[in-house]
Amino acid sequence: MVTMKDVAQRAGVSLGTVSRVINHAKGIKPTTLEKVNRAIEELHYVPDEYARGLKTQSSRTVALILPSIWYPFFSEFGYYVEKALDEKDYKLLLCNSDGDPQEENKYIKMVKQNKIDAIIAITYSDIDQYIDSNIPFVSLDRYFKQKVSYVASDNYQGGRIAAQELVKRGADNLAYIGSHSRYPNDTMRRRKGFLDYLKENNIEVHDVFLQEPVKDFTPYVKKLLKKNSQINGIFMHNDALLLKIKPVIEKLGYRVPEDIQLIGFDGMDLAADLPLGVSTIVQSVKDLAYGAVELVVKKIKDPTRENEVYTYPVKFRKGNTTK
């Protein structure tokens, strides 16, 4: 088995120099770097990552906590997080938490025990008590009592765009349908942006805004449309909800988009090159993922670094649920 000592001998440098190259230390002469890397390649040397981690107190591993991998937005986010981490020579550890705070806390403990370096999380669980502002922890959308860095799309502007697009397409009696977590997060601003735009323009609006978990929106949608039969445009909290509610609306005798136009949020794709087909407010999942990785690596290097927020623009994509 090839060792670091063999690499040092082949490159004609000290063992310490090989170690510095492997650990990406700064200040190494380009000629030395080239010699060591050539020796590594010629000898097919593979560094012992576990031993290296013990010495540096770094596993070069970041945990990604997702509520579920079944929702396409979460899966796509995970895909790009792994790509971004790989570019920075970090590995990904995936936690499919199913919204269990105890499961998520296991990973927070792993950071404190130096078993992993950091966490990127999409979480709607009660984990405030476990979060420390000095832990390398980056959230998507979620705020915490202890301030942490997070990335978000411009959810407020997304709500305004949805209202504007529905009105532009002839809708004049609108509704918002969505749910919200008990814990504050930026996605709630989608509803606010939507309602604000309509209020500013004196357009009638109704809404169904329920606290999660919501097993079935059907009775609420039926009640809404029975009471307000003239509704002709609805903004949904996300694309998945739109897909659930669309057949309910159609069973009630409404045609989509002829009678009621629908806009979702997320910009979900069925595959990398196959959009879902619904009208939606599109988030840049790649930007969110790469931004989260950039923030978390900054926190790994300096846990006392000031927390930051990265916000990314959204855009409307027309599909078959609007005119």
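The legends below describe close-up views of side-chain contacts in a predicted model.

**View 1. Salt bridge between R169 and E165.** The search of the whole structure finds 17 salt bridges, and one of them joins the side chains of R169 and E165 at 2.3 Å, N to O. Both residues of this pair, R169 and E165, are buried.

**View 2. Salt bridge between K192 and D196 in helix α8.** The N to O distance between the side chains of K192 and D196 is 3.2 Å. The two residues are four apart, about one turn of the helix, and both belong to α8, residues 189-200.

**View 3. Salt bridge between K298 and E308.** The side chains of K298 and E308 meet at 3.6 Å, N to O. K298 lies in helix α11 (residues 285-301), whereas E308 is in the loop between α11 and β13 (309-312), so the pair ties together parts that are 10 residues apart in sequence. K298 is partly exposed, with a relative accessibility of 23%. E308 is also partly exposed, at a relative accessible area of 22%. The pair belongs to a network of salt bridges that links E294, K298, R305 and E308.

**View 4. Aromatic pair of Y71 and F74.** The structure holds nine aromatic pairs. In one of them, Y71 and F74 are edge-to-face, with 5.1 Å from centre to centre and 70° between the planes. Y71 and F74 are both buried.

**View 5. Aromatic pair of F137 and F144.** The ring centres of F137 and F144 are 5.5 Å apart and the planes stand at 90°, so this pair is edge-to-face. Buried means under 20% relative accessible area; F137 has a relative accessibility of 1% and therefore counts as buried. F144, at 9% relative accessibility, counts as buried too.

**View 6. Charged end of R60 over the ring of Y90.** The charged end of R60 is 4.2 Å from the centre of the Y90 ring and sits over that ring.

How values were computed: Residues numbered from 1 in each chain as written. Predicted model: local features only at pLDDT ≥ 70, side-chain atom pairs only at ≥ 80, totals over all residues. Heavy atoms only, no water. Salt bridge = Lys/Arg side-chain N within 4 Å of Asp/Glu carboxyl O. Buried < 20%, exposed > 50% of the residue type's maximum accessible area, 1.4 Å probe, protein only. Phe/Tyr/Trp six-rings, centres within 6.5 Å; stacked < 30°, edge-to-face > 60°. Lys NZ or Arg CZ within 6 Å of the ring centre and 35° of its normal.
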